[in-house]
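Please read it alongside the sequence and the structure.

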Amino acid sequence: MDAGEGENLAGLCCNKELMQPESGANGTAVAEFILLGLVEVPGLQPVVFVLFLFAYLVTVGGNLSILAAILVEPKLHTPMYFFLGNLSVLDVGCISVTVPSVLSHLLSHKRAVPYGACLTQLFFFHLFVGVDCFLLTAMAYDRFLAICQPLTYSTRMSQIVQRMLVAASWACAFTNALTHTVAMSVLNFCGPNVINHFYCDLPQLFQLSCSSTQLNELLLFAVGFIMAGTPMALIVISYIHVAAAVLRIRSAEGRKKAFSTCGSHLTVVAVFYGSGIFNYMRLGSTKLSGKDKAVGIFNTVINPMLNPIIYSLRNPDVQSALWRILTGRRLLA
């Protein structure tokens with residue numbers, strides 16, 4: 001062994017010693033992760049802060065407005081808007097998992113995230129996204145019943161059924177999020193702890209682990225097939241039946257009205273699943289790029305912000321309810 005190799009080995013040993021945790025209870029040598037964030041140029045950080053703060057306020061305000069409109073407008077007391085109200089709550093939760101921490105890091109200029117906080121963020125992100133998957137499926141099922149089986153719609157989509165669908169969505173998503181969090185917690189992190197992203201997620205953490213992540217990636221694909229593949233298949237099947245039923249309507253006005261009730265939901269589904277599939281199909285990539293950050297922004301910021309816009313732009317009932325809320329008018333009995 002020459003002198004250069006000896007110095008390199010000594011440097012590696014020193015680095016490992018510096019990264020040893022105060023307590024090895026969790027079996028990892030990394031006590032915290034460093035999130036590089038969206039931009040490293042100091043001059044651009046105030047711009048990013050303003051944009052993210054604006055997106056957060058618009059998303060929270062928009063979704064809470066949709067929720068308020070659903071509560072005050074009797075016309076919106078239907079199963080479809082019951083699910084939409086739950087979706088609005090999820091959107092607020094989803095963006096609150098990531099954006100406030102980004103804003104805090106930009107203000108304090110601290111990029112370190114404790115190991116436990118990183119896993120907590122991972123858990124809640126997958127919890128909200130998982131419920132989103134199932135709620136979008138429930139909304140597709142609701143459209144299928146309303147258009148294809150209108151005579152039995154009120155009994156098949158009763159309040160009890162609605163609540164059971166929402167409860168089942170939360171239960172399945174909780175199981176999924178807990179499974180990934182526990183599987184991640186048993187991995188060892190003893191080397192680099194720098195994440196080239198603005199929040200903690202599975203693909204980024206897989207690349208930093210000293211342990212083999214093959215089982216974790218197989219688990220992600222297997223559970224992902226159940227959590228995303230199955231709901232997406234059910235949505236496609238539902239809309240195949242819906243399209244067939246709508247095409248049988250003789251009136252062009254009737255076909256237009258039937259399709260208009262599905263357009264907003266289909267747009268949200270396309271954006272949600274498109275960005276999600278792109279994100280998790282890149283697990284084999286050895287280097288994280290700007291594309292991953294862009295998809296992350298889409299998943300955590302753009303999607304929750306677009307949903308209230310999509311559902312309110314072409315819906316006169318929602319618009320009238322929002323207008324009454326803004327002007328302080330009350331619905332006359």
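In this predicted model, α6 and α8 are roughly antiparallel to each other, because angles over 145 degrees are counted that way. Residues are numbered from 1 along each chain as its sequence is written, and side-chain values use heavy atoms, with hydrogens and water left out. Local features need pLDDT of at least 70 and side-chain atom pairs count only at pLDDT 80 or more, whereas totals for chains, interfaces and linings use all residues.

**Packing of α6 and α8**
- The two helices, α6 and α8, pack at an angle of about 175° with their axes 11 Å apart, where axes are lines fitted to C-alpha atoms over the stretch in contact and angles run from 0 to 180 degrees between N-to-C directions.
- On the α6 side the contact (heavy atoms within 4.5 Å) is made by C172, A173, N176, T179, H180, A183 and M184, and on the α8 side by N216, L219, L220, V223 and M227.

- Leaving aside residues up to four places away in sequence, F52 touches L38, V99, V102, L103, F198, I297 and V301.

**Helix α11**
- With 12 residues, α11 reaches 16 Å from its first C-alpha to its last, close to the 16 Å expected at 1.5 Å a residue, the expected span being 1.5 Å times one less than the number of residues.
- V318, A321, L322 and R324 of α11 are buried, meaning under 20% relative accessible area with a 1.4 Å probe and protein chains only.
- Seen down the axis of α11, these buried residues fall within an arc of 160° (taken from the directions from the helix axis to the C-beta atoms), so they line one face of the helix.
- The face of α11 turned away from that buried side carries P316, W323 and L326, which are exposed, that is, over 50%.

**Overall make-up**
- The secondary structure comes to 11 helices and 3 strands, both taken as DSSP runs (H or I of at least four residues for helices, E of at least two for strands) and numbered from the N terminus.
- Buried residues make up 42% of the 333 residues in the protein.

Definitions and conventions. Angles under 35 degrees count as roughly parallel, over 145 as roughly antiparallel, 65 to 115 as roughly perpendicular and the rest as oblique.
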